[in-house]
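The sequence and the structure are shown first.

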Amino acid sequence: MPRPAARVLTLLELLQSGGTRTVAELAGRLGVDGRTVRRYVGQLIDLDVPVESVRGRYGGYRLGPGYRVPPLMFGDEEALAVLLGLVAGRRAGLTTAQRTANETAAAKIRRVLPRHLARRLDTLLDSLSFTEPPGEFASPDAGILLTLVDAVHHRRPVSVRYTDREGRRSDRSLHPYGIVAHAGRWYVTGRDADRDEDRTFRLDRIADARTLPGSFEVPEGPDPAARVVTGFATAAYRYEVTLRVRATFEHLRTHLPATVATLTDDQPGWQRVEIHAEHLGWLPPTLAALDRPFVIDGPPELRTLMSEFAARLTTYARRTGPTTATAPEPGT
């Protein structure tokens with residue numbers, strides 16, 4: 001027969017699963033009577049667990065909001081899932097709060113694991129390998145992230161203090177449409193009210209965010225993730241590249257993702273490709289990897305780079321053995 005303390009913890013676990021639980025339901029799950037359930041609820045309240053009593057035909061008990069997260073009950077697989085999520089999040093640069101918050105949360109869970117589960121976790125982490133080094137991306141401030149999330153949900157404008165990639169600081173009035181995580185960074189996308197244009201801002205470059213009076217309507221169109229992807233492909237950079245490639249949309253996307261290039265139908269069987277790039281050196285090998293006919297409409301610098309790249313490949317293909325290099329190879 002379970003001890004009363006074990007039943008109290010089981011009661012907490014039932015309440016944490018969400019919703020309102022009737023006294024009869026809880027009594028049946030715990031194997032006690034209704035009076036005992038009420039006594040157990042009183043013990044949880046004495047422990048500062050915010051249990052609320054709900055009156056009415058479908059009344060019972062539920063967990064209410066509190067100043068702190070109530071004690072959580074994890075099974076073996078749940079605890080492993082949470083810890084692995086923290087490890088993966090820290091390595092991928094997707095931790096939403098400061099690095100110390102990630103580490104202390106993992107330490108708290110790790111500290112109370114049963115020995116057999118701790119050994120399983122240690123064995124797993126020792127066996128786990130990553131194809132990339134740990135993420136070094138700056139995590140967004142938790143307060144700023146929550147302010148923006150609240151503004152997105154309630155459609156409230158916000159004032160943000162932003163530093164762009166050139167180091168220039170400015171105050172912006174933003175109508176935020178959504179928060180997007182992409183490639184180890186967090187972004188907010190919305191309407192820049194001062195410039196009257198859609199913009200995407202990196203959260204780690206926002207120093208302050210304040211909710212403003214009023215509200216706004218989100219226009220019809222792509223969802224926030226699609227807006228961020230399109231913003232990357234159309235951002236203002238040094239070069240505007242235009243190509244026509246004889247290939248399917250699907251084939252081009254395997255080499256030119258939506259964050260890099262905009263694709264539109266051209267002549268039958270051909271796609272028009274538009275790329276905004278700060279540097280062109282990566283394009284010749286990428287275009288060669290397409291292995292499809294293409295036409296460079298511009299800029300002229302890309303034609304020159306492509307010709308030089310083709311000449312190097314021809315030279316390499318004609319070699320019959322190693323040669324002593326007199327100068328560094330391009331890209332080394």
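A contact here means heavy atoms within 4.5 Å. Among contacts in the protein chain between residues at least 6 apart in sequence, 58% join residues at least 24 apart. The model is predicted. The protein chain has 11 helices and 11 strands. Of its 332 residues, 31% are buried. Its accessible surface comes to about 20900 Å², and 52% of this belongs to carbon and sulfur atoms.

## The open sheet

An open sheet is built from 5 strands in the order β6-β5-β4-β3-β7, with antiparallel pairing. Because β6 (197-202) and β7 (206-211) stand at the edges and each has a single partner strand, one side of each is left without a neighbour in the sheet. Neighbouring strands of this sheet are turned by 45° against each other on average, direction ignored. Strand β5 (residues 185-192) is joined to β6 by 6 bridges, and the two run antiparallel. Within this pairing, V188 stands opposite F201 in β6.

## Aromatic pairs

A pair of aromatic rings is described by the distance of the centres and the angle of the planes. The structure holds 2 aromatic pairs. The rings of Y162 and F201 have planes at 70° and centres 4.7 Å apart, so this pair is edge-to-face. Y162 lies in strand β3 (residues 158-163) and F201 in strand β6, so that the pair links distant parts of the chain, 39 residues apart. Y162 is buried, with a relative accessible area of 6%, and F201 is also buried, with a relative accessible area of 1%.

The pair of Y177 and F216 is tilted, with 6.3 Å from centre to centre and 50° between the planes. This pair too links distant parts of the chain: Y177 belongs to strand β4 (residues 169-182), and F216 to the loop between β7 and α8 (224-234), 39 residues apart. Y177 is buried at a relative accessible area of 10%, and F216 counts as buried at 6% relative accessibility.

## Helix α2

An α-helix has 3.6 residues a turn, so residues three or four places apart point the same way. In helix α2 (residues 23-30), the residues V23, L26, A27 and L30 are buried. These residues cover an arc of only 100° around the axis, which puts them on the same side of α2. The face turned away from the buried side of α2 carries the exposed residues A24, G28 and R29. The cover over the buried residues of α2 includes α1 (4-16), α3 (34-46) and β2 (60-63). After α2 comes G31, whose phi is positive, near 75°.

In β11, G298 is the bridge partner of T242.

β9 and β10 form a hairpin with 5 residues between them, and G269 in the turn has a positive phi of about 85°. Is β8 enclosed or open to the outside? In β8, 5 of the 7 residues are buried, so this strand is largely enclosed by the rest of the structure.

How values were computed:
Residues numbered from 1 in each chain as written. Predicted model: local features only at pLDDT ≥ 70, side-chain atom pairs only at ≥ 80, totals over all residues. Heavy atoms only, no water. Pairing = 2+ DSSP bridges. Helix = DSSP H or I, 4+ residues; strand = E, 2+ residues; numbered from the N terminus. Axes fitted to C-alpha atoms, helices over the stretch in contact; angles between N-to-C directions. Buried < 20%, exposed > 50% of the residue type's maximum accessible area, 1.4 Å probe, protein only. Areas by Shrake-Rupley, 256 points an atom, 1.4 Å probe, with all protein chains shown as cover. Phe/Tyr/Trp six-rings, centres within 6.5 Å; stacked < 30°, edge-to-face > 60°. Arc of directions from axis to C-beta.
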